[in-house]
6 protein chains.
Amino acid sequence: MRRADGRTPCELRPVYFSRGFTRYAEGSVLMSFGETRVLCNATVEEGVPAFLRGQGQGWITAEYSMLPRATQVRSPREAARGKLSGRTSEIQRLIGRSLRAICDLEALGERTILIDCDVLQADGGTRTAAITGAYVALHDAVFGLIRQGQLNASPLRDSVSAVSVGLVDNHPMLDLDYAEDFRAAVDMNFVVTGSGLFVEVQGTAEERPFSMQELDDLRNLALTGCRELHRMQMRTLEA
Amino acid sequence: MRRADGRTPCELRPVYFSRGFTRYAEGSVLMSFGETRVLCNATVEEGVPAFLRGQGQGWITAEYSMLPRATQVRSPREAARGKLSGRTSEIQRLIGRSLRAICDLEALGERTILIDCDVLQADGGTRTAAITGAYVALHDAVFGLIRQGQLNASPLRDSVSAVSVGLVDNHPMLDLDYAEDFRAAVDMNFVVTGSGLFVEVQGTAEERPFSMQELDDLRNLALTGCRELHRMQMRTLEA
Amino acid sequence: MRRADGRTPCELRPVYFSRGFTRYAEGSVLMSFGETRVLCNATVEEGVPAFLRGQGQGWITAEYSMLPRATQVRSPREAARGKLSGRTSEIQRLIGRSLRAICDLEALGERTILIDCDVLQADGGTRTAAITGAYVALHDAVFGLIRQGQLNASPLRDSVSAVSVGLVDNHPMLDLDYAEDFRAAVDMNFVVTGSGLFVEVQGTAEERPFSMQELDDLRNLALTGCRELHRMQMRTLEA
Amino acid sequence: MRRADGRTPCELRPVYFSRGFTRYAEGSVLMSFGETRVLCNATVEEGVPAFLRGQGQGWITAEYSMLPRATQVRSPREAARGKLSGRTSEIQRLIGRSLRAICDLEALGERTILIDCDVLQADGGTRTAAITGAYVALHDAVFGLIRQGQLNASPLRDSVSAVSVGLVDNHPMLDLDYAEDFRAAVDMNFVVTGSGLFVEVQGTAEERPFSMQELDDLRNLALTGCRELHRMQMRTLEA
Amino acid sequence: MRRADGRTPCELRPVYFSRGFTRYAEGSVLMSFGETRVLCNATVEEGVPAFLRGQGQGWITAEYSMLPRATQVRSPREAARGKLSGRTSEIQRLIGRSLRAICDLEALGERTILIDCDVLQADGGTRTAAITGAYVALHDAVFGLIRQGQLNASPLRDSVSAVSVGLVDNHPMLDLDYAEDFRAAVDMNFVVTGSGLFVEVQGTAEERPFSMQELDDLRNLALTGCRELHRMQMRTLEA
Amino acid sequence: MRRADGRTPCELRPVYFSRGFTRYAEGSVLMSFGETRVLCNATVEEGVPAFLRGQGQGWITAEYSMLPRATQVRSPREAARGKLSGRTSEIQRLIGRSLRAICDLEALGERTILIDCDVLQADGGTRTAAITGAYVALHDAVFGLIRQGQLNASPLRDSVSAVSVGLVDNHPMLDLDYAEDFRAAVDMNFVVTGSGLFVEVQGTAEERPFSMQELDDLRNLALTGCRELHRMQMRTLEA
């Protein structure tokens, strides 16, 4: 059984990390999952948000946005509307939680790492690409701090990646593109550490509720996908 | 093993539905999960949002808000800040999706049912109480339409309820109150139909990533809880 | 002469104070004037707004809001529109002024008492019910401070209550419900202390200007109503 | 007994109407109450707001604003803050109600008259000056419609003016300037028709509650003041 | 060749400075360019904006606004819309830059002078009238500081004025009124110091691009106009 | 005389057009002026804004934004602040006017072309790079309409490009990078058509006013730069 772009159900799209994509950010990765492209820029700032001040720990957070013409039909800028949509705010909270889950925030010290995830082109899976690329940008920012002598050791305890899975025509499929996502009866996103533990599980019955067997199948497929993404992250970081 | 309030790990808090709590709404339920109290008011409006017009189907949506002093420490009104927090917008999208999942929107006809979920008192689990109570308010609104002859049959294909589960001191526990939720290493919310299928699965590693075994334990506990909530919904609606 | 609900022109609707309605607020009263229900929650906070800092005095303020479905026809949340209506802002300023008028702010010390008045159900007179209930919630919060040893004596110099009066079919009537208010040619609100002095007088010719005689009749009726409300406040607080 | 500026307690400040102050508005009056100066510009627009459409009646409304440096200490522009203060919104609602009270809105036809009241210089009594000047601007706009043949007769059934009164050092005083207003224990605004009937009564105990006798004294003083303002309006309009 | 109002192409409209127009501002000038009237009020405040703190220098800034009925057709208040238009923000930045260009900000000391430019009546050239009048208001504010002994010498190194020029029916014309501006193919604004140097040059091809010869002709005309405005500023300030 | 990056004073930075940079936009150009990179995406939409409806003409407009980490120090997103800065709004108005100046809007028909200019990396000259790249994206969008048979001929009457010039250390220099721009005493932007006519001229004395001779030198340098940019645009479009 083949998908529209020739993939098998349990195959990722071509994945590509372009490190150093812009020159000023402390970490800068253009992450491609097929035609989806997300620019992940890490910024290191001294200090932490007010609610953490004086507690001797750092913070990692994220912002997410789509360029208006990342999509087939242009969508208006959120700056023009003057507020974030619910979807945007959900996604940026998810990215932040995912990165914090694999970092020892006390070891980071009283500094903040903010990852800007800007979608240049969207063909499904922008939030999972953002998390997967943000990890690499975060890693580069952290090792910059080590090189400059501001940190002695990495506060990153593990790596993290994310992938979407879904039921399309009643088949579990990995890493949905936009056309598949649109038709999926059930849509899930998994965020998984390099050591194979879950950080986030989010599943939505878009069209019909789903059974325990289906949940288990999707979960297994996602673990396979994240294992592969983890290998590619390691390969990129070793380069 | 007993919890602070005397419950076993797989026991719900006292659950209470107070139907007809206010007099103008087409369905009005004060939902109590222990000390958590959410007022769920259903409003029936003719017509549908612009993006659905002319497609011969209805819509169900929800709004969620906390009274400022629902919590131990007062939190400012979102109206004063002029925008919804990310958390609020996430929750109201979740409630809306959960209710739409069990309704035949074409059978509803070109009308909108909006459920206002206002938290009067918050002791953990406000979003799951909101979904569980909103189903009953939705049901009352739908049967009002039937009584008035505006609908011939119910467009509700199933019922829906929700519950939180989490790992507290490494034990899976059902229906966390605020103190438990605060200490939980992992926190999940499940939305489940009366027939035992999943509508939404959301899990977050608050403190540490979790294993597949832990995911399965939490899932099973949630299914038990929702089965019980379903029975109580049925009992209430038969009354 | 009888009104639609059987009252005489100078009779209040059934008035009921439900103290301790929620558990976290320092004072919590569900105030009922007939079918109108306003939840008044008092919060004590250390410190005062910037404009009062360092002047050795306290502050009392209020916020007012209606739940969307408090009314027969649902009205949109102000949080969704991102700003307060003129009506809301007028009412919350009125409640704050009324409570400050009977309190010795220096004796209160550098702390703020904020009363949240949330209308659960609206059948006319929500602002007068809010003031009348807010006094009781304020009283409970103040006596909490005394019990905890944070205040030696009450800074409350008097009590305060409020009532609406109006010309309906050219007859002065007390405590208008929504249907009466809608038809009233003239609509006034009086805020009166327990000792019978005026704190606020607000009258509006909704349909036709009014004479000095009519003004005097309405004033007298309001004094009668507030005297009765004062007695009920005292009875509640003695309980 | 003399006030700081030499007036007796029941004397108005010098009152001056400068008609035709700007050239584009359909009515334009620079209203002076002593050093208080309010520019009242009337605009006639075809059509009515949505809530009145198709009911065969017109509408009169007002907007009120202070130039930032109308006052001794500059206050920030509301446009910069992005929302109206509660005080501004209260005042513009008051001006609109006062003008509508003396107009036959059906005779006005389906058009809107909007009065912009911009305070160029503020020395107390800006809202009462605004109402008194707005009436003259409204009158000029209405007679412009008659001259152009768009109306056969004036829809204005009466005139309207407004004045402040207050208890300063326990004496009732008319038309308070800023220094008096600041010290007043009680502050009231009355809006009165040319025929001596009340349109609005607003009284606030700024410092101490007030008795029925004090209320009556202030009311009488205000009636005297408005009778004098009415005479000056008539004289201006005859010129 | 004569223009609609009888002027030659290189003639300014009647220019009039009314100093001391309001009483509280440290400098207050009602500036008239023909029928255009801009009230320029200077406010002196201690301290500087955050980005300049501790650098031992002052700041000059401006705000610009039109009264709603300054124009033939009323335009809505920006406060009601909750944000500044692009045009307003462009103009207020221009006024601020123009004034700072002729002031030694270090000699001003750590204080801010804010010029509020409010257009009472608009007949073209409001931004150039605002700059020309703002200079006089700034001058008055600065000399007030000298008189009070807060400054020893004036930090103003030069004067500044501004004028519009344009190609109307292919002829270069000086100081366009609204009707000319509306028809102009090219529209330029020049800000020029008393010593004849350029501070700002802004030209826009409204209808067709323009040649180097046309640019030079417009530039020369503007220099003539600003020389004349400079003479009038000096005459006013000597009075 | 050489600049920091080895250029002569009248030399542009390396200029590069990357057409087809994203796949969904009707025209998509990544424009590089040295290290400055602006993504220009053209979107064709049926219909025109309300103020043009029914006039048988089209519209061209632009939006401009910087990614937060386009710069050395991160700047907050405008969406988070809920409004556009004055600078952003000035720039997007400039880009729109520049493109409309070379287009026959009637020949375009009742459609809108919107150019999104998003700065991925900023090293000075982002607005001039945006205009120069936007022209190419506009051209591609227009020729797409011709290829699809929706237009018979191009409504573009000319091409347009833009460049910055400035006085750095008293020398006129072309195409300033960020470090030069920061030190420039005078900073100008010129928008020039392919046939050598001016569309926009904007000059600001950042540090000192400038003479007529300096204005003329800068103008000539800009004309040289735009002539070169025009040649590169033509070469790109022929490819």
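Colleague: How far apart do the end C-alpha atoms of residues 159-224 of chain A lie, and how much of the span is helix and how much strand?

Modeller: Helices (H or I, at least four residues) and strands (E, at least two) are DSSP runs, numbered from the N terminus. Residues 159-224 of chain A are 29% helix and 44% strand, and the end C-alpha atoms of the span are 15 Å apart. This is a predicted model, where local features need pLDDT of at least 70 and side-chain atom pairs count only at pLDDT 80 or more, while totals for chains, interfaces and linings use all residues. Residues are numbered from 1 along each chain as its sequence is written, chains are lettered from A and ligands numbered from 1 in the order in which they are written, and side-chain values use heavy atoms, with hydrogens and water left out.

Colleague: Which UniProt annotation covers residues 159-224 of chain A?

Modeller: UniProt positions are given here in the numbering of this model, with feature names shortened, and annotations may be inferred rather than shown by experiment. The unreviewed entry places "domain: Exoribonuclease phosphorolytic" on residues 11-141 and 159-224 of chain A.

Colleague: Which residues does UniProt list for "binding site"?

Modeller: The unreviewed entry lists A:Arg87, A:Gly125, A:Thr126 and A:Arg127. They are spread over 41 residues of sequence but cluster in space, with a largest C-alpha distance of 13.4 Å. A:Gly125 sits in the loop between strand E5 (111-121) and helix H4 (126-147) of chain A, and A:Thr126 is in helix H4 of chain A. Leaving aside residues up to four places away in sequence, A:Gly125 touches A:Arg13, A:Thr36 and A:Leu176; contact means heavy atoms within 4.5 Å.

Colleague: What area is buried between chain B and chain C?

Modeller: The size of an interface is often given as the accessible area lost when the parts come together. Buried area here is the accessible area (1.4 Å probe) that two parts lose on being put together, summed over both. Between chain B and chain C about 2900 Å² is buried, and carbon and sulfur atoms give 52% of it. The contact joins 36 residues of chain B to 36 residues of chain C.

Colleague: How many salt bridges are there between chain B and chain C?

Modeller: A salt bridge is a side-chain nitrogen of Lys or Arg within 4 Å of a carboxyl oxygen of Asp or Glu. There are 14 between chain B and chain C, one of them joining C:Arg69 to B:Glu26 (2.8 Å, N to O). In chain B, strand E3 (36-46), strand E4 (59-66), helix H1 (78-81) and strand E5 (111-121) each supply at least two residues of the side that touches chain C. That side has 14 nonpolar, eight polar and 14 charged residues; Ala, Val, Leu, Ile, Met, Phe, Trp, Tyr, Cys and Pro count as nonpolar, Asp, Glu, Lys and Arg as charged, and the others, Gly among them, as polar.

Colleague: How many residues does the contact take from chain F and from chain A?

Modeller: Chain F gives 36 residues and chain A gives 36 residues. Across this interface there are 14 salt bridges. The side chains of A:Glu63 and F:Arg77 meet in a salt bridge (2.8 Å, N to O).
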